[in-house]
Amino acid sequence: WSWDSFVCFAWTGPGGSRRLVAVNYADHRSQCRLSWPWPLHEESRWRLRELMGPAVYEREGRDLAENGLFLDLPEWGRHVFAVEEPRA
C-alpha cells in the first residue's frame, strides 16, 4: 500500500545523459516497483550512481523489464540517480 507515497521523475538530457529521481513523500518507510522509463535489452546491465551519496547499484535489464526497479526508502527519503548507458 505504500507505493502511492512516491513521486518519481526521469529524463534524458544533453548528450543522452539520464537522470532518475524518486522521493518517498510520506512520514513512513515505503516501497514500490518503478516501471523502467528507458528501452531495455534483456542482456544489458544498468548502473545507477547515487548523486547525493556514494552508493552505486547495478541492475540486470531482464529484471528491470520483468519486475521494474525496486525502491525501499525511509520516511522523506530520496534517490537522485545518474543512470549510465546499458552494458551487455
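Which residues have the most contacts inside the largest nonpolar core? They are Leu-20, Trp-36, Leu-48, Leu-69, Leu-71 and Val-83, in a core of 15 residues. Such a core is a set of buried Ala, Val, Leu, Ile, Met, Phe, Trp, Tyr and Cys residues joined through side-chain atoms within 4.5 Å. Buried means under 20% relative accessible area, exposed over 50%, and partly exposed in between (1.4 Å probe, protein chains only).

This is a predicted model: local features need pLDDT of at least 70, side-chain atom pairs count only at pLDDT 80 or more, and totals for chains, interfaces and linings use all residues. Residues are numbered from 1 along each chain as its sequence is written, and side-chain values use heavy atoms, without hydrogens and water.

β6 gives the largest share, three residues. Strands are DSSP runs (E, at least two residues), numbered from the N terminus. Val-83 is in contact (heavy atoms within 4.5 Å) with Leu-20, Trp-36, Trp-38, Trp-46 and Leu-48, among others beyond four places in sequence.

Now the aromatics. The structure holds six aromatic pairs. Rings of Phe, Tyr and Trp (its six-membered ring) pair if their centres lie within 6.5 Å; planes under 30 degrees apart count as stacked, over 60 as edge-to-face and the rest as tilted. The rings of Phe-9 and Trp-11 have centres 5.1 Å apart and planes at 40 degrees, so this pair is tilted. Trp-11 is partly exposed, at 36% relative accessibility. Trp-38 and Trp-46 are stacked, because their planes are at 15 degrees, with ring centres 6.4 Å apart. Both Trp-38 and Trp-46 are buried.

Definitions and conventions
Helices (H or I, at least four residues) and strands (E, at least two) are DSSP runs, numbered from the N terminus.
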